[in-house]
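Please look through the sequence and the model shown here before reading the briefing. It is meant for someone meeting this structure for the first time.

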Amino acid sequence: MPGIIDPSVKVGSQIGRSVLRVEGRDKVTGRAEYTHTMRLPGMLHAKLFRSTVPHGKIKSVETRAAEKLPGVLHVITIDHVKGVIPNPYYGPAFHDQPILADEKVRFVGEPVAAVLARDPHVADQAVQLITAEYEELPAVYDEIDALTAQTFVHEELRPAGTFTDLKHLQGMTNTNVALDYRLRRGNFERAYAAHEFKTQKVVHLSFEPFATIADYRPDGVTIHTASQGPSFVRMEIARLLGLPENKVRVKVPYVGSGYGSKLYIKLEALAVALSMIARRPVKVAATMEEMFYQVTKHPCTFRIKSGVDKNGKILARKCEVFWNGGAYADIGPRVTQKAGLTASGPYDIDNVDVDSYALYTNVTPSGALRGFGVPQLVWAYESHMDMMARALNWDPAEFRRKNLLREGSVHATGQTLADAPLDKVLNTVLDRIGWNQPFDRGSGSIRRGRGFGIAIKAVTSPTTSVAIINISADGSPTVYCGTVDMGQGSDTALAQLVGEALNVPTESVRIVQRDTDVVPYDMGTLGSRSLFHMGHAIQRAAEDVRSKIAALRREVGEPEGSNLPISALFQKRYGMQAGNIIGSGIFKPDYVPPSRENGQSPNITPFWLISGAAAEVEVDTETGHVKITKLVNVVDTGKAVNPKIVETQISGGALMQLGFTLFEKIHFDGGQITNASLADYKIPGFHDLPTAMENLYVEHEETNGPFGAKGVGETSMFCVSPAIANALDDAVGVRLTELPLTPEAVFRAIRTKAGKPLESE
Amino acid sequence: MTAARTIAFNLNGAHVTAVVQPHHTLIEVLQAEFSLTGARESCGQGLCGCCTVVINDHPVSGCLYLAAFVDGAKVTTIEGLETANELSAVQQAFIEASAFQCGYCTPGFVMMVTKLLDEHPDPDEETITHYLSGNLCRCAAYPEVLEAVKLAARKRRTVGGKSLE
């Protein structure tokens, strides 16, 4: 029978098959259930009253009119929250974020009060009746200003204790610096070229907005939530409530994407507090507008300098990276360190200085967004490389080849490079864009150009995944793992690994829905780590299953090599089709933390992620409009477990980054977001697709990966922005150093170059 | 809030009634009264297409369409496309072309593509992007959706897929 472990049948390899998505039917029929549309009996709806000032002391919150509105059951402020959770501060890196604003507000949009009602419209209406008075404080918005500002977003730094490299910040005052990471290699003396690059504030905008339903009972709490990391939610809620972890149950149904926004803890602590107060299930569900007040990508200023000898060899590079973390740290300090360590790029440079700073500011917090900071870095270093190549009259491809890290070279962190096929990726990119072929450069007001970039990322480390495989007495396998399939296809890919390891067709592997009551620990679905880490855990669990089957075989007196089906083994052992075989596996890669002194480590990452992109653009010099006529995306996948899913990930990531490159930007006016809606914040649609797009992967088996595989969720984001900016320079000779590359910015640059600058805005 | 009223309409082939407030949107009523959650609110402004439902053969944004207005109308949702456990040609094509990632916007796309193919059984790429310009996908599975539309068109021509008619 298919789907049953049967030693007499050879199923054939499950790796490298474009298996159709295991959840496809649920998704095309609309039956897939998401938290945002879930209801529990007796559930109340929460709506939030938010701060209208960027930084201020709360003088009063007037809630009486809201309380009197018929249908309103509770109006809740931080004082009520403290009645049930005395220390209501949470966060993955710092315990700096209050469940509702406490004494102070730190950004426009920060939740100050919550209204609970059975009817969400009543709750909404009541929110309009709340007023608050603030004593406004000076606010700081820009990451560079935050470094020297005399206004401080937080009175005192409160590291969570989770990460050892943050401990020295405990109790620090009079600073907006939430982490200063540094890397030193060799001596940095000479500088040839110095450039500064900036990226803008953009937002994930998952189409399923944030949603959590908490159901608190005296014997524990159940949380239904759109989360990328149920294990972390469980730990953090257990800590806040002083409960053992087994009294906190976190269930994650289908997740309408995340891209990093639904990591760690978001609405969960608030929903739990509200449910504790109301003693009813409470749902907190965001609107699209509210997505702009939860978490965004980090805006970044990157000052990069390089010294180059006359042969084109980069001798030294200095990187100063300033991350605009917003009002609460979220995972910003990790982004600062983990991205910071590859800030010098995929190049072999003897002398490297990196200083990477996480900064608090009075805007919506920043967190992880599909690349953990790396896209911001690549934007800068690959633009910088092109500017230097042009200034030195080097072919940009030759200049990179001359400096590229190769297998066996030592990366700036001190780790020796392995399974990082930079050459192969670069060559594929150049080949597919036809770098050495002539092309039509256009004429008149239409000009064409080409550009490319190449990048490296270290996977977030060290992190742990645990998996359980349960074989039923008929021989069918069920997998329990905490990796959340938020659309990337991990359920399908992980099922393929199980199929391969246990010799069953992928289609017959059951992966249970995420529920911390049954699935074991996983650090989180982030940073392209799942296929590698959970893949290893699954391989180990499968190994455990196989050895237990062999033991059962021996126990019932079957000879070595017996082909008796599993169900018959159970029959023999238990007298009927009964019992289970349960295998488990834990994986945590080796890791040596970077030295606090110089950031050096012989083992900073279990694997490297490599990608490259090239763009061919057409610029209308009369309007500044940039049309992408061809986009080539190439990533290194290790062994591609499911080629179709890999291709979809490459394409989806590149198109998302296309939006971040060409038009997406959150606009502010005095700390107030002025375009918090899909009407005013444009994202890519059908009409924004490049005229031609190629999504390719280089298969270079990852020696220490499960079946040679590695993650692929983020890599295609990295090089899109610099490839387009480099192509733009190639086409019209202007260099933009700040994203997005809007027609206005392009047109202004063209006019400035022509000596006829436009008046400033 | 003003008086509730009872409306009667045809929902996926069945005659139904519901008590609605004047401010209730069709999406709210479909979810709260009929537990149909395939059409979902996302942007809340009729821009993303996640809430697409068909009223008297016209696709509309259910997050903006007031429920009171469907009194006497024929409403088709994603749940109405499936017959006796058989997927429509469009649904089947979406699976085969992997034309989704997170799936949140997928029902809206499937509804709009069904309408497209009812009106243009063999659409060119320009017609496809014109019909689908009001459906956004943050995972950007656009190339795969294009593939799915072409595949669905072929399936409907050869086996006669289910249409909205």
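The model described here is predicted. Chain A and chain B touch through 44 residues of chain A and 41 residues of chain B, and the domain assignment divides chain B into domain 1 (5–79) and domain 2 (89–159).

**Contact between the chains**

- On the side of chain A that touches chain B, the elements that give two or more residues are helix 1 (24–28) and helix 15 (643–662) of chain A.
- Helix 15 of chain A supplies the largest share of that side, with six residues.
- Sorted by class, the side of chain A that touches chain B holds 20 nonpolar, 18 polar and six charged residues.

**Domains of chain B**

- The centres of domain 1 of chain B and domain 2 of chain B, taken over C-alpha atoms, are separated by 22 Å, and the contact draws 13 residues from domain 1 of chain B and eleven residues from domain 2 of chain B.
- Strand 3 (residues 52–55) of chain B gives three residues, the largest share of the side of domain 1 of chain B that touches domain 2 of chain B.
- That side of domain 1 of chain B is made up of eight nonpolar, four polar and one charged residues.

**Helix 9 and helix 16 of chain A**

- Helix 9 (residues 374–391) of chain A packs against helix 16 (residues 720–732) of chain A at an angle of about 30°, and their axes are 8 Å apart.
- Because angles under 35 degrees count as roughly parallel, helix 9 of chain A is roughly parallel to helix 16 of chain A, and the crossing of helix 9 of chain A with helix 16 of chain A is right-handed.
- Residues making the contact include P375(A), W379(A) and D386(A) of helix 9 of chain A, together with P722(A), A725(A) and D729(A) of helix 16 of chain A.
- The residues of this contact divide into five nonpolar, three polar and three charged.

**Helix 15 and helix 16 of chain A**

- Helix 15 of chain A packs against helix 16 of chain A at an angle of about 55°, with the axes 9 Å apart, and the two helices are therefore oblique to each other.
- Helix 15 of chain A also passes helix 16 of chain A in a right-handed crossing.
- The contact is made by A654(A), Q657(A), L658(A), F660(A) and T661(A) of helix 15 of chain A and by V720(A), S721(A) and I724(A) of helix 16 of chain A.
- By class, this contact has five nonpolar, three polar and no charged residues.

Note on methods. Residues are numbered from 1 along each chain as its sequence is written. Chains are lettered from A and ligands numbered from 1 in the order in which they are written. This is a predicted model: local features need pLDDT of at least 70, side-chain atom pairs count only at pLDDT 80 or more; totals for chains, interfaces and linings use all residues. Domain bounds come from an automatic or database domain assignment. Two residues are in contact if their C-beta atoms, placed from the backbone, lie within 7 Å. Helices (H or I, at least four residues) and strands (E, at least two) are DSSP runs, numbered from the N terminus. Ala, Val, Leu, Ile, Met, Phe, Trp, Tyr, Cys and Pro count as nonpolar, Asp, Glu, Lys and Arg as charged, and the others, Gly among them, as polar. Axes are lines fitted to C-alpha atoms, for helices over the stretch in contact, and angles run from 0 to 180 degrees between N-to-C directions. Angles under 35 degrees count as roughly parallel, over 145 as roughly antiparallel, 65 to 115 as roughly perpendicular and the rest as oblique. A crossing is left-handed if the near helix is turned anticlockwise from the far one by less than a right angle, and right-handed if clockwise.
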